[in-house]
Amino acid sequence: MQEHDLIVIGGGPGGYVAAIRAAQLGMNVACIDENEQPGGTCLRVGCIPSKAMLESSELYYQAKHSLSEHGVKFKHVELDLATMLHRKDKIVDTLTRGIKGLLKKNKVTHYQGRGRLDGAKRVVVTHNGKTTSLTAPHIIIATGSRSASLRGVELDGDRIVTSTEALAFSEVPKHLVVIGGGYIGLEMGSVWARLGAKVTVLEALDRILPATDKEIAERTHKLLEKQGIEFRLGVRVQSAKTKGKAVRVECEGGETVDCDRLLMAVGRVANTDDVGLDTVSVTTDRRGVIEVNHDFATSAAGVYAIGDCIPGPMLAHKASEEGVACVEKIAGRWAHVNYDTIPAVVYIHPEVAAVGRTEEQLQQDGVEYNKGAFPFVANGRAKTLGETEGMVKILADKKTDRVLGVHILGPRAGDLIHEAAAAMEFGAASEDIVRVCHAHPTLSESVHEAALAVTGRAIHI
Ligand code: NAD
């Protein structure tokens with residue numbers, strides 16, 4: 001029996017970050033992951049490889065379609081998909097090796113295998129048929145999530161796939177159908193559309209990006225349509241069948257769509273069904289999401305949970321924040337995760353980023369607000385980049401002027417959003433953003449102008 005102060009089950013951005021912070025706080029930590037290289041979905045088959053493919057495919061698209069506007073002309077632009085995929089794999093390999101190195105540097109013991117709770121204070125790790133027993137007074141479950149499935153649509157890893165396989169198609173699909181107009185559907189749809197596939201997104205709701213501010217989502221929809229992605233809204237997929245290389249998708253109402261690859265992107269479910277939760281009576285909701293209190297403690301003494309397997313947005317950075325807060329609390333220190341200021345980014349082109357509440361949420365909550373918006377078309381830097389689509393929108397409380405939500409569709413929105421997140425974390429009013437001198441010429445000036453627009457003082461519109 002190996003003894004530790006803390007055992008973390010799962011080596012993703014929740015688990016490995018918690019393990020490293022706990023080691024920094026002086027704990028003897030075990031981190032269990034079934035893969036030789038830790039990093040979880042995010043590093044191995046999620047955020048990182050998808051961003052690599054998004055960057056590469058965007059460069060290909062620009063070389064083919066828009067660099068000529070800059071006077072940069074190519075006689076012949078050719079796609080070398082094998083090199084693109086290899087580059088992505090190399091980035092993943094380097095980063096996951098880096099995590100392994102960080103665990104080692106911090107003296108975290110990395111156990112390769114599947115970790116399962118085995119009664120109070122015990123975890124069994126199974127790898128290649130061999131088991132190792134560990135014990136610790138504190139155990140964190142950070143087992144993440146996996147792609148949700150649809151009854152009637154059987155994944156085969158080749159023609160009908162999840163994002164994992166869609167990151168590694170060895171040839172560009174002729175027609176890729178995506179079920180779900182959420183984060184994954186739009187990011188992976190963008191990659192393959194830029195590389196030449198016909199892409200059709202089937203979305204059950206009457207809009208895409210259901211959690212995003214509606215105005216921003218509608219503009220995003222139009223921009224993606226201009227980029228060649230076809231959307232069919234209000235279409236609920238019921239089943240799909242393969243015949244050789246062909247896939248037929250059947251939707252409610254009898255409509256059918258034929259394609260050669262089908263990507264399932266209808267959300268994710270918590271990985272909690274094979275973690276031995278029953279051996280210590282950890283309570284979950286009916287979808288297997290673990291219930292926790294403010295300290296990330298579950299219903300079982302000494303067992304905590306963080307990340308995708310507890311409530312909240314399924315985002316790597318949310319999991320990392322929770323991991324740090326959880327171990328700080330275990331160590332008896334003060335910690336807090338502010339769920340009102342967690343940014344979210346969709347890495348399409350241009351990017352979509354948000355922090356705080358949407359207009360619809362404010363209306364639903366009966367909160368009166370002022371709105372300031374500024375279009376990138378009026379921003380000098382955006383013009384020089386040739387990236388003038390989109391806008392910044394700031395929502396501030398009508399009485400107090402406190403910033404309640406910021407929504408950006410536009411170039412580098414994923415970086416711009418952090419000024420808003422920092423402002424909101426400090427409880428800023430839109431006037432506080434106004435009073436910050438923004439360098440010229442930058443995209444950030446659009447955030448400044450949107451803050452000015454909250455009180456009707458924008459200069460450049
Ligand atoms: P999602 O929840 O973002 O979107 C799923 C979509 O599928 C919804 O719009 C839903 O209405 C639709 N849908 C469900 N059933 C359907 C059916 N039968 N027919 C047609 N449409 C249907 O889920 P996702 O895109 O799979 O992403 C999963 C999670 O991964 C998200 O929670 C997200 O937070 C995370 N993620 C984040 C990023 C990022 O941060 N950039 C990128 C990828 C994934």
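The shell around the ligand has 16 nonpolar, five polar and four charged residues by class. Here Ala, Val, Leu, Ile, Met, Phe, Trp, Tyr, Cys and Pro count as nonpolar, Asp, Glu, Lys and Arg as charged, and the others, Gly among them, as polar. The model is predicted: local features need pLDDT of at least 70, side-chain atom pairs count only at pLDDT 80 or more, and totals for chains, interfaces and linings use all residues. Residues are numbered from 1 along each chain as its sequence is written, and side-chain values use heavy atoms, with hydrogens and water left out.

Of the 25 residues around the ligand, Ile 184, Glu 187, Glu 203, Gly 267 and Val 345 come nearest. A residue is near a molecule or strand if one of its heavy atoms lies within 4 Å of it.

| Residue and atom | Ligand atom | Distance |
|---|---|---|
| Glu 203, polar side-chain atom | oxygen | 2.6 Å |
| Val 237, backbone N or O atom | nitrogen | 3.0 Å |
| Ala 265, polar backbone atom | oxygen | 3.4 Å |

Taken alone, the ligand exposes 850 Å², and the protein buries 83% of that. Accessible areas come from the Shrake-Rupley method with a 1.4 Å probe; for residues, only the protein chains shown count as cover. H6 and strand S12 (198-203) are the elements that give two or more residues to the shell. The largest share, four residues, comes from H6. Helices (H or I, at least four residues) and strands (E, at least two) are DSSP runs, numbered from the N terminus.

H6 also packs against another helix. Helix H3 (residues 47-65) and helix H6 (residues 183-194) pack at about 35°, with their axes 9 Å apart. Axes are lines fitted to C-alpha atoms, for helices over the stretch in contact, and angles run from 0 to 180 degrees between N-to-C directions. Residues in contact (heavy atoms within 4.5 Å) include Met 53 and Leu 54 in H3, and Met 188 and Trp 192 in H6. By class, this contact has seven nonpolar, three polar and four charged residues.

Some backbone geometry stands out. Most residues other than glycine have a negative phi, and most peptide bonds are trans. Ser 281 has a positive phi of about 60°. A cis peptide bond joins His 349 and Pro 350, with omega about -5°.

Conventions: Polar contact = N/O pair within 3.5 Å; in protein donor to acceptor, adjacent residues only side chain to side chain.
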